[in-house]
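Here are a few friendly notes to read alongside the coordinates. I have kept them as numbered points so that you can check each one against the view.

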Amino acid sequence: MQAHDIAGAQSRYIDVNGINTHYYEAGAGEALILLHGGGAGADSFGNWRGCLNSFAEHYHVYAVDMIGFGFTGKPDPRDYAYTQQARNEHIIAVIETLGLASVNLVGNSMGGCTSMGVAVERPDLVNKLVLMGSAGVRAPITDELKAIMNYDYTTDGMVRIVRGLTNPNFRFDDELVNYRHALSIRDDTKQAYNAVMGWIREQGGLYYEDEYMARISHKTLVVNGKLDKVVPLSSAYRLLELIENSWGYIIPECGHWAMIEKPEQFAAATLSFLGTA
């Protein structure tokens, strides 16, 4: 299985500390990195194809498959710990390997959590943050989140995940389900995903301590779907409390996937925020 094409973007690979890392590249100007979420079958194509070109009209966009996902390398879990710190370190190394500085980070869910980690660990590499349905705040594990954590690698299991991630009126097609399912059942992907979710279960969720997130000093836009069942509105409000230099944008009739459910609205809000001084 090969990475799908996104019109107007180039599919590329780069060696990052021995990890063959896949990303899409488009546009020119200030660097903007897009980080997808951590559900089964997640990758940059599935997450960002609906809005990547809107961003590329104004920025030099890099949509990166995180380690263990998509078409980026998936080290054997016997030799590699799929922790949140490992994802943070991988994206820091991606930025450095690409020779970038002062990048804008846009992250959904696990990608938002990773964006925050990069901003805390290497604030010199980051300009602004956009956290959309971002993990990071400790919250109850809902049935929708359990469907992600306990995924059974069946098509029906993928349908349960997609339904839990979207608003009740969102109509998803077989193409979306089949693409994510095909990605999820590759042997190396299954091993990595089991390790990722095993670590999250051991931790009791995907979160940082409040004091860690409060260290973020960058201008930050917190975006959340009003109907998000995976990352509730209370988590968005908590991020706004913890991150001093932050703004909020709540989208009605939207679940966890603003970039898929409301791509034009999400892109417009993000571009407006990034374009301000």
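1. A residue is called buried here when its relative accessible area is under 20%. Cys-51, at 0% relative accessibility, therefore counts as buried. Please keep in mind throughout that this is a predicted model.

2. Staying with the cysteines, Cys-254 is likewise at 0% relative accessibility and so counts as buried. How many disulfides are there? The count is zero, taking a disulfide as a pair of cysteine sulfur atoms within 2.5 Å. For Cys-51, which is in no disulfide, the nearest cysteine sulfur is that of Cys-254, 12 Å away.

3. Eight strands make up an open sheet with mixed pairing, and their order is 1-2-4-3-5-6-7-8. Strand 1 (10-16) and strand 8 (246-251) are the edge strands; each has a single partner strand, so one side of each lacks a neighbour in the sheet. On average, neighbouring strands are turned by 20° against each other, direction ignored.

4. Strand 3 (residues 31-35) runs parallel to strand 4 (residues 60-64), and five bridges join the pair. Leu-35 has Val-64 in strand 4 as its bridge partner.

5. Two helices to view against the sheet come next. Helix 3 (residues 84-97) packs on the sheet and touches strand 1, strand 2 (19-26), strand 3, strand 4 and strand 5 (103-108). The direction of helix 3 makes about 105° with that of strand 1. Helix 4 (residues 110-121) also packs on the sheet, where it touches strand 3, strand 5 and strand 6 (126-132). Its direction makes about 145° with that of strand 5.

6. Is helix 4 mostly covered or mostly open? It is mostly covered, with 11 of its 12 residues buried. Among these buried residues are Met-110, Cys-113, Met-116 and Val-120. The length of helix 4 agrees with expectation, because its 12 residues at 1.5 Å a residue should span 16 Å and its end C-alpha atoms are 16 Å apart.

7. Finally, have a look at His-181, which lies in helix 7 (residues 174-184). His-181 has a relative accessible area of 15%, so it is buried. Its side chain reaches the backbone oxygen of Tyr-153 at 3.0 Å. Neighbours within four places in sequence aside, His-181 is in contact with Tyr-151, Tyr-153, Thr-154, Thr-155 and Met-158.

Methods
Residues numbered from 1 in each chain as written. Predicted model: local features only at pLDDT ≥ 70, side-chain atom pairs only at ≥ 80, totals over all residues. Heavy atoms only, no water. Pairing = 2+ DSSP bridges. Helix = DSSP H or I, 4+ residues; strand = E, 2+ residues; numbered from the N terminus. Axes fitted to C-alpha atoms, helices over the stretch in contact; angles between N-to-C directions. Contact = heavy atoms within 4.5 Å. Buried < 20%, exposed > 50% of the residue type's maximum accessible area, 1.4 Å probe, protein only. Polar contact = N/O pair within 3.5 Å; in protein donor to acceptor, adjacent residues only side chain to side chain. Expected span 1.5 Å × (residues − 1).
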